[in-house]
Amino acid sequence: MPIIDEKSGTIPDNRILLREMVHACVVVRNVERTAANLAEKFAIGPWDVHIKSYPKSQASFRGELTDCTFKFAYAKVGPVTLELVEPVSGRSSYHEFLEKQGEGIHHLGFPAPLPFDVELEKWKHLGIQPVQVMKLDDPEEGWAYMDTQDLIGFTLEILSFRKFQ
């Protein structure tokens, strides 16, 4: 079924439509310290901090299944959520980013249609592979960092969640 967008008309099934950015992610070495500094110096907050682990059945990095754990912090900054991520364990794009570049902006996140696997296929059809894929308990939902760095200069994240539909 084609996507119908009010601004750009009908988008064919095999094309990608990114409507709005919902978050920006910064990879950091210490989530609590960074969140505290942002709150104290710039009044950004309050912060929701939590740890999330993903089993191999739900996570892959560069095509390899992986167990991984991350510490996340979220705060609203206008209509966009600022996401802080601290890698805790397992190989991931966050670890790779810290090793190569240090702390900094990792990706911009955009809602994507369901089902998640169909959306990933659209990207693959355009020659864009996922770097990291995380699936949720609902098999139609998930998120992925797409390998867009060389194409556009930064990483895009697609978020196929029911809450964005």
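The mean positions of the 18 positive and 24 negative charges of the chain lie 2 Å apart; Lys and Arg count as positive and Asp and Glu as negative, with His and the chain ends not counted, and each charge is placed at NZ of Lys, CZ of Arg, CG of Asp or CD of Glu. The model is predicted, so local features need pLDDT of at least 70 and side-chain atom pairs pLDDT 80 or more, whereas totals for chains, interfaces and linings use all residues. Residues are numbered from 1 along each chain as its sequence is written, and side-chain values use heavy atoms, with hydrogens and water left out.

**View 1. Overview of the chain.** Four helices and 12 strands make up the secondary structure (DSSP runs numbered from the N terminus: helices are H or I of at least four residues, strands are E of at least two). The radius of gyration is 16 Å, close to the 15 Å that the globule rule gives for 165 residues, so the chain is as compact as a globular protein of that length. That radius is taken over C-alpha atoms, and the globule rule is 2.2 Å times the number of residues to the power 0.38. Along the principal axes, the C-alpha atoms fill a box of roughly 45 × 35 × 30 Å. Of the 165 residues, 46% are buried (buried means under 20% relative accessible area, exposed over 50%, partly exposed in between, with a 1.4 Å probe and protein chains only). The accessible surface comes to about 9200 Å², and carbon and sulfur atoms account for 54% of it; areas come from the Shrake-Rupley method with a 1.4 Å probe, and for residues only the protein chains shown count as cover. Among contacts between residues at least 6 apart in sequence, 56% join residues at least 24 apart (contact means heavy atoms within 4.5 Å).

**View 2. His23 and its surroundings.** His23 is found in strand 3 (residues 23–27) and is buried, with a relative accessible area of 9%. Its side chain makes a polar contact of 3.2 Å with the side chain of Glu83 and another of 2.7 Å with that of Glu157. A polar contact is a pair of N or O atoms within 3.5 Å; within protein, one must be able to donate a hydrogen and the other to accept it, and residues adjacent in sequence count only if both atoms are side-chain atoms. Leaving aside residues up to four places away in sequence, His23 touches Val80, Thr81, Glu83, His107, Leu108, Gly109, Glu157 and Leu159.

**View 3. Helix 2 and its ends.** The buried residues of helix 2 (residues 93–101) are Ser93, Tyr94, His95, Glu96, Phe97 and Leu98. Ser92 caps the N-terminal end, where a side-chain oxygen lies 3.2 Å from the backbone nitrogen of Tyr94. After helix 2 comes Gly102, with a positive phi near 80°.

View 4. Thr34 lies in helix 1 (residues 31–42) and is buried at a relative accessible area of 18%. Not counting residues up to four places away in sequence, Thr34 touches Val28 and Leu84. The loop between helix 1 and strand 4 holds Ala43, a residue other than glycine whose phi is positive, near 60°. Ala43 is exposed, with a relative accessible area of 68%. Pro46 is placed in the loop between helix 1 and strand 4 as well, and a cis peptide bond with omega of about 5° joins Gly45 to Pro46.

**View 5. Loops on either side of strand 5.** Ser57 is in the loop between strand 4 (48–54) and strand 5 (59–61) and counts as exposed at 66% relative accessibility. Ser57 and Met134 are 77 residues apart in sequence, with their C-alpha atoms 9.1 Å apart. Arg62 is in the loop between strand 5 and strand 6 (64–65), has a positive phi near 50°, and counts as partly exposed at 45% relative accessibility.

View 6. Pro115 is found in the loop between strand 9 (104–111) and helix 3; the peptide bond joining Leu114 and Pro115 is cis, with omega of about -10°. Leu126 lies in the loop between helix 3 (116–125) and strand 10 (130–135) and counts as partly exposed at 35% relative accessibility.
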